[in-house]
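Hi,

Here is the structure I promised to pass on.

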Amino acid sequence: YYLNAASGGPGGLNYLFSEDVGKPEMRIGAVYFPGVAAIENASPLELRPGQQLGGVDFKLAPVVTYHVRGVLAPYVDSPGFKGIYLRNRNGDRVRGMAGGAINKDGSFDWGAVPPGSYWLDCLPIRGLPTAPLIPIEVTDHDVNGVKVPAIPQFDVRGHARFEDDGVTVPLTSVKLFLQQLDWYFIHYGPFFSLGRDGGFVLPAMQCGEYALRTLPEGDVYVKSVTVGGQPVEGAKIDLRNGAPGEFEIVLGAGTGDVGATVKWPDAIPGAAQPRVLAARAVLVSADGHTSNTGARSMEIDASGQFQFHFVPPGRWLVFVSPNRSEEHTSELQSP
């Protein structure tokens with residue numbers, strides 16, 4: 001485990017102080033064990049079964065903070081909250097996000113930012129401006145004059161077809177999901193069905209990276225995707241600068257099942273009936289592909305059994321986690 005301690009509310013705005021008039025603004029900074037500011041410099045703690053681990057002590061210290069100022073342009077004000085925020089560029093989300101509102105003229109001024117490497121982004125709210133990620137480096141001074149190019153929300157259009165002509169599944173029964181690959185938020189993206197000719201239109205999309213997924217409700221999976229005539233590599237669809245062209249989706253039919261029986265230990269300390277412990281099975285692609293059904297999970301029944309239906313061809317990993325206390329993994333080959 002990595003352990004973190006911090007003080008203050010969101011962004012620390014209510015906890016700013018200064019040593020004297022004219023001195024820099026300060027706040028109590030976040031610390032990772034054994035006393036460093038960044039997770040990449042932290043030391044992991046290993047907790048063994050039944051071990052009581054002590055001596056994990058923290059000492060918080062004040063850090064100088066700075067402002068990040070700039071403008072989102074072109075910008076037209078509209079009712080409702082418009083937010084802009086910073087996230088740690090190293091992917092660490094333990095310290096949370098820092099952000100603030102966009103003013104009526106598109107400008108923003110966010111304070112209480114400690115030194116570090118960040119991404120600057122707009123909150124993905126439907127109907128509001130969207131923008132690509134902007135790298136921000138905060139060192140020993142305020143960051144001024146940041147220019148964020150606003151991109152109006154855009155439509156995604158395309159067609160889908162089956163690879164084989166003999167498929168009897170009607171296109172209108174296929175359900176798809178264009179899922180945004182942004183682990184900072186609840187997965188955003190539209191669910192949609194196809195027209196009789198396989199056509200679709202997705203309005204008011206946000207900038208970002210996406211994966212096209214089938215809902216695990218039928219014997220259909222995504223074989224390939226091209227956007228603007230270019231094949232999608234690694235199952236990631238890049239819409240960070242808007243839609244570069246129409247989608248062409250090739251579907252396949254013929255999925256399989258993945259099931260197993262979990263054998264519980266004969267005895268688990270503190271558990272009178274180990275066979276009825278809450279547990280879940282998780283199915284993920286062993287090749288790292290993000291399309292099709294993505295990661296799926298389901299409860300394991302009282303007899304220790306589970307079965308995933310409509311699993312596309314490929315290599316898969318199954319994780320079993322009882323009460324988050326231990327994990328087992330096995331690699332399975334879907335037919």
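The side chains of Asp155 and Arg157 meet in a salt bridge, with 3.8 Å from N to O. Do keep in mind that this is a predicted model.

Now the overall picture. The chain has 335 residues, and 39% of them count as buried. As for secondary structure, there are zero helices and 26 strands. Among contacts in the chain with a separation of 6 or more, 66% are between residues 24 or more positions apart. The accessible surface of the chain is about 18600 Å², and 53% of that belongs to carbon and sulfur atoms.

Back to the salt bridges. How many salt bridges does a search of the whole structure find? The search gives 10. Besides the one above, have a look at Lys223 and Glu163, whose side chains meet at 2.7 Å, N to O. Lys223 lies in strand S17 (residues 220–227), while Glu163 is in the loop between strand S12 (154–162) and strand S13 (175–180), so this pair ties together parts that are 60 residues apart in sequence. Lys223 has a relative accessible area of 43%, so Lys223 is partly exposed. Glu163 is partly exposed as well, because its relative accessible area is 42%. There is also a network: Arg69, Asp109 and Asp142 are joined by salt bridges that share partners. One more pair for your list is Glu46 and Arg48, where the closest N and O atoms of the salt bridge are 3.4 Å apart. Both Glu46 and Arg48 are exposed.

Next, the aromatic rings. A pair of rings is described by how far apart the centres are and by the angle of the planes. With centres required to lie within 6.5 Å, the count is five aromatic pairs. One of them is Phe192 with Phe200: the ring centres are 4.9 Å apart and the planes are at 35 degrees, so the pair is tilted. Phe192 and Phe200 are both buried. Phe200 also pairs with Phe247, with centres 6.4 Å apart and planes at 90 degrees, which means this pair is edge-to-face. Phe200 is in strand S15 (residues 199–205) and Phe247 is in strand S20 (residues 247–253), so the pair ties together parts that are 47 residues apart in sequence. Is Phe247 buried or exposed? Phe247 is buried, and so is Phe200. Put together, Phe192, Phe200 and Phe247 form one aromatic cluster.

Last stop, the surface. Which residues make a nonpolar surface patch of about 470 Å²? The patch is made by Tyr1, Leu3, Leu47, Leu53 and Phe58. Leu53 is placed in the loop between strand S3 (31–32) and strand S4 (62–64). Its relative accessibility is 37%, so Leu53 counts as partly exposed.

Happy browsing!

How values were computed. Residues are numbered from 1 along each chain as its sequence is written. This is a predicted model: local features need pLDDT of at least 70, side-chain atom pairs count only at pLDDT 80 or more; totals for chains, interfaces and linings use all residues. Side-chain values use heavy atoms; hydrogens and water are left out. Rings of Phe, Tyr and Trp (its six-membered ring) pair if their centres lie within 6.5 Å; planes under 30 degrees apart count as stacked, over 60 as edge-to-face and the rest as tilted. Buried means under 20% relative accessible area, exposed over 50%, partly exposed in between (1.4 Å probe, protein chains only). Helices (H or I, at least four residues) and strands (E, at least two) are DSSP runs, numbered from the N terminus. Patches are made of residues with over 30% relative accessible area and no salt bridge: like charges are joined within 9 Å, nonpolar side chains (Val, Leu, Ile, Met, Phe, Trp, Tyr) within 5 Å. Accessible areas come from the Shrake-Rupley method with a 1.4 Å probe; for residues, only the protein chains shown count as cover. A salt bridge is a side-chain nitrogen of Lys or Arg within 4 Å of a carboxyl oxygen of Asp or Glu. Contact means heavy atoms within 4.5 Å.
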